[in-house]
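Trainee: I've just opened this one and I'm new to it. Can we go through it together?

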Amino acid sequence: MATIKENLALIQSNLPIHVTLVAVSKTHPVEVVEETYNAGQRIFGENRVQELVPKFEQMPKDIQWHLIGTLQRNKVKYIAPFVSLIHSVDQIDLLKEINKEAAKNNRVIECLIQVYIATEESKHGFSFDEAESLFKSDFRMLFPHVKIKGLMGMASFTSDVQQVKKEFLSLKDFKAKIESENSLDLPILSMGMSGDYALAIECGSNMVRVGSSIFGSRSYNQ
Ligand SMILES: *Cc1c(COP(=O)(O)O)cnc(C)c1O
C-alpha cells in the first residue's frame with residue numbers, strides 16, 4: 001500500500017500550481033495528521049468542530065485549519081480564535097455569528113459561501129438567488145470581521161460525469177457573474193473531492209478538498 005507521503009506527492013504532481021490542496025483529515029487520528037505534516041502538508045480540513053479543536057491544540061501552529069463541514073452557530077466560538085478558512089457558510093445567521101466571534105477575537109475570519117449545486121437534499125448551501133442577494137447587500141459593512149474570499153460547492157454523488165460537470169460549471173459561471181455584477185473579486189473557488197477533483201479543476205476550481213485519496217478510506221462515513 002502506498003504511504004501518505006507517496007499519495008500526497010502523486011496528487012500534488014497532478015495539481016496545476018494555481019490549485020491549493022486541502023488535506024481532509026477528518027476521522028483520522030492526530031498521529032496521521034502528524035505524518036502528513038512531516039510530509040510537508042500545511043493545510044488541513046476538518047468537518048467537525050469537536051475533532052478540529054483537539055487537533056489544532058496538539059499540532060504545530062503553522063498549520064492552516066479549514067472548517068469544511070456544516071457548522072452550527074453555537075460552535076463558532078470554539079474555532080474563531082484560530083480557524084483560517086471556513087468553507088461551509090450556508091446561511092446569513094452563521095455569517096452573523098462568525099462576525100461576532102471574530103470581533104471578540106480581534107480577527108477577520110476568511111469565509112467561503114457554500115452554494116447548493118447538487119440534486120441531493122442532504123447537501124447544504126445558499127441557493128443561487130440567496131447568494132446573489134447576499135452579494136448585492138452591503139455585506140462588507142454588515143460583517144466587517146468576515147472576509148468573503150469565494151465560493152464552495154459540492155457536486156451530486158453520482159457516476160454521471162456530465163451531471164457533475166454541469167454542476168461545477170454552474171458555480172464557476174455564477175462566480176463570474178457575481179464578480180462582474182458587483183465589481184467584486186472572489187479569488188477562491190473550492191470544488192472537488194477525491195472522486196472528482198480533476199474534473200472540478202477542469203471546471204475552474206482552484207481549491208480541492210481531498211481526503212480518501214491521501215489517507216485511504218475512512219472507517220466510518222461522514
Ligand atoms: C469528507 C469531505 C471531503 C473529502 O472527501 P474525500 O472523498 O474523502 O476526498 C471534501 N469536502 C467535504 C465537505 C467533506 O466533508
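Trainee: How many disulfides does a search of the whole structure find?

Mentor: First, a word on what you're looking at: this is a predicted model, where local features need pLDDT of at least 70, side-chain atom pairs count only at pLDDT 80 or more, and totals for chains, interfaces and linings use all residues. Residues are numbered from 1 along each chain as its sequence is written, and side-chain values use heavy atoms, with hydrogens and water left out. A disulfide is a covalent bond between the sulfur atoms of two cysteines. Going by a cut-off of cysteine sulfur atoms within 2.5 Å, the search of the whole structure comes back with zero.

Trainee: Is Cys111 buried or exposed?

Mentor: Let's set the scale: buried means under 20% relative accessible area, exposed means over 50%, and partly exposed is in between, with a 1.4 Å probe and protein chains only. Cys203 has a relative accessible area of 1%, so it is buried. Cys111 has a value of 0%, so the word for Cys111 is buried.

Trainee: How many helices and strands does the protein chain have?

Mentor: They're counted as DSSP runs, numbered from the N terminus: helices are H or I with at least four residues, and strands are E with at least two. On that count the protein chain has 10 helices and eight strands.

Trainee: What is the radius of gyration of the protein chain?

Mentor: That value is taken over C-alpha atoms, and the globule rule to hold it against is 2.2 Å times the number of residues to the power 0.38. For 222 residues the rule gives 17 Å, and the chain comes close to that, so it is as compact as a globular protein of that length. Along its principal axes, the C-alpha trace spans about 50 × 45 × 30 Å. The radius of gyration itself is 17 Å.

Trainee: Which residues surround the ligand?

Mentor: For classes, Ala, Val, Leu, Ile, Met, Phe, Trp, Tyr, Cys and Pro are nonpolar, Asp, Glu, Lys and Arg are charged, and the others, Gly among them, are polar. The shell holds five nonpolar, three polar and three charged residues. By name, they are Val24, Lys26, Ile68, Met154, Met193, Ser194, Arg209, Val210, Gly211, Ser212 and Arg218.

Trainee: Which residue has a backbone N or O atom 2.8 Å from an oxygen atom of the ligand?

Mentor: Polar contacts here are pairs of N or O atoms within 3.5 Å; within protein, one must be able to donate a hydrogen and the other to accept it, and residues adjacent in sequence count only if both atoms are side-chain atoms. Lys26 puts a polar side-chain atom 2.7 Å from a ligand oxygen, while an N or O atom in the side chain of Arg209 is 2.9 Å from a ligand nitrogen. The backbone atom you're asking about belongs to Gly211.

Trainee: How much of the ligand's accessible area does the protein cover?

Mentor: Start from the ligand on its own, which has 390 Å² of accessible area. Areas come from the Shrake-Rupley method with a 1.4 Å probe, and for residues only the protein chains shown count as cover. The share that the protein covers is 91%.

Trainee: Where does Asn106 lie?

Mentor: Asn106 has a phi near 60°, a positive value in a residue other than glycine. Most residues other than glycine have a negative phi. At 70% relative accessibility Asn106 is exposed, and its place is the loop between helix H5 (92-104) and strand S5 (109-115).

Trainee: What is the phi of Ser183 near?

Mentor: Look in the loop between helix H8 (161-182) and strand S7 (188-191), where Ser183 sits. Ser183 is exposed at 67% relative accessibility. Its phi is positive, though the residue isn't glycine, and lies near 45°.

Trainee: Which side chain does Glu51 join in a polar contact of 2.9 Å?

Mentor: Glu51 is in helix H3 (residues 49-58). With a relative accessible area of 14%, Glu51 is buried. The 2.9 Å contact joins its side chain to that of Lys55.

Methods: Near = heavy atom within 4 Å.
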